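Student: I have not seen this structure before, and I would like to go through it with you in questions and answers. Could we have it in view while we talk?

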Amino acid sequence: MMDELLALPPKRPKNRKTGKLMKARVFGYGSSTGYNTRWKTICKRAGIPYLSAHPAGRHGFFTELVVRQGVDPVTAAKAGRWSDPNLPMRIYAHAETDEADIRARFRTNHVQTDTAQAPKSKKSQKE
């Protein structure tokens, strides 16, 4: 990913107060919150509820590691710099299995045979 970021042509945003071009930047935003208007527009056009970029990234990061990649929550929390793994489990982890799939997993065949329906053993001929 770093190679791709380095290969992006730099953009030079205009200073809104002076109209002068600013230093070249990777994404071209003049401030750390400059992307926010565009982000809101994207959410609106996609018909999804607005979630700022920081929480959206945190949700995606933790869900990807724990739910999709099977990383244990303690390791994922450490990688995401959370001091307590319970916080991201409570806030950022999202299940990807629907209720029907969960219910189907409980509808398995019995492991043990039912003793009431088991065939009766024949007595040996010696008795």
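Predicted model: local features only at pLDDT ≥ 70, side-chain atom pairs only at ≥ 80, totals over all residues.

Student: Which aromatic residue forms a tilted pair with Y92?
Tutor: The partner's ring lies 5.3 Å from that of Y92, centre to centre, with 40° between the planes. The pair links distant parts of the chain, since Y92 is in the loop between α5 and α6 (99-106) and its partner, 10 residues apart from it, is in the loop between α4 and α5. The residue that forms this tilted pair with Y92 is W82.

Student: How many aromatic pairs are there in the whole structure, and of what kind is the one between F62 and W82?
Tutor: A search of the whole structure gives four aromatic pairs. In the pair of F62 and W82, the ring centres are 5.5 Å apart and the planes stand at 85°, and since planes over 60 degrees apart count this way, the pair is edge-to-face.

Student: How far apart in sequence are the parts that the pair of F62 and W82 ties together?
Tutor: F62 belongs to helix α3 (residues 53-68), whereas W82 is in the loop between α4 (73-79) and α5 (86-91). Both residues are buried, F62 because its relative accessibility is 0% and W82 because its value is 9%. The parts that this pair ties together are apart in sequence by 20 residues.

Student: Which residue has its charged end over the ring of W82?
Tutor: Ring pairs link W82 with F61, F62 and Y92 into a cluster. Over the ring of W82, at 3.8 Å from its centre, sits the charged end of another residue, and that residue is R58.

Student: Is Y29 buried or partly exposed?
Tutor: Y29 has its place in the loop between α1 (2-7) and α2 (36-46), and together with L8, V26 and F27 it forms a nonpolar patch on the surface, with about 360 Å² of accessible area together. Its relative accessibility is 34%, and because values between 20% and 50% fall in the middle class, Y29 counts as partly exposed.

Student: What share of the residues of the protein counts as buried?
Tutor: The secondary structure comes to six helices and zero strands, and the accessible surface of the protein is about 11500 Å², with 55% of it belonging to carbon and sulfur atoms. Of the 127 residues of the protein, the share that counts as buried is 12%.

Notes: Residues numbered from 1 in each chain as written. Heavy atoms only, no water. Patch = residues over 30% accessible without salt bridge, like charges linked within 9 Å, V, L, I, M, F, W, Y side chains within 5 Å. Areas by Shrake-Rupley, 256 points an atom, 1.4 Å probe, with all protein chains shown as cover. Salt bridge = Lys/Arg side-chain N within 4 Å of Asp/Glu carboxyl O. Helix = DSSP H or I, 4+ residues; strand = E, 2+ residues; numbered from the N terminus. Buried < 20%, exposed > 50% of the residue type's maximum accessible area, 1.4 Å probe, protein only. Phe/Tyr/Trp six-rings, centres within 6.5 Å; stacked < 30°, edge-to-face > 60°. Lys NZ or Arg CZ within 6 Å of the ring centre and 35° of its normal.
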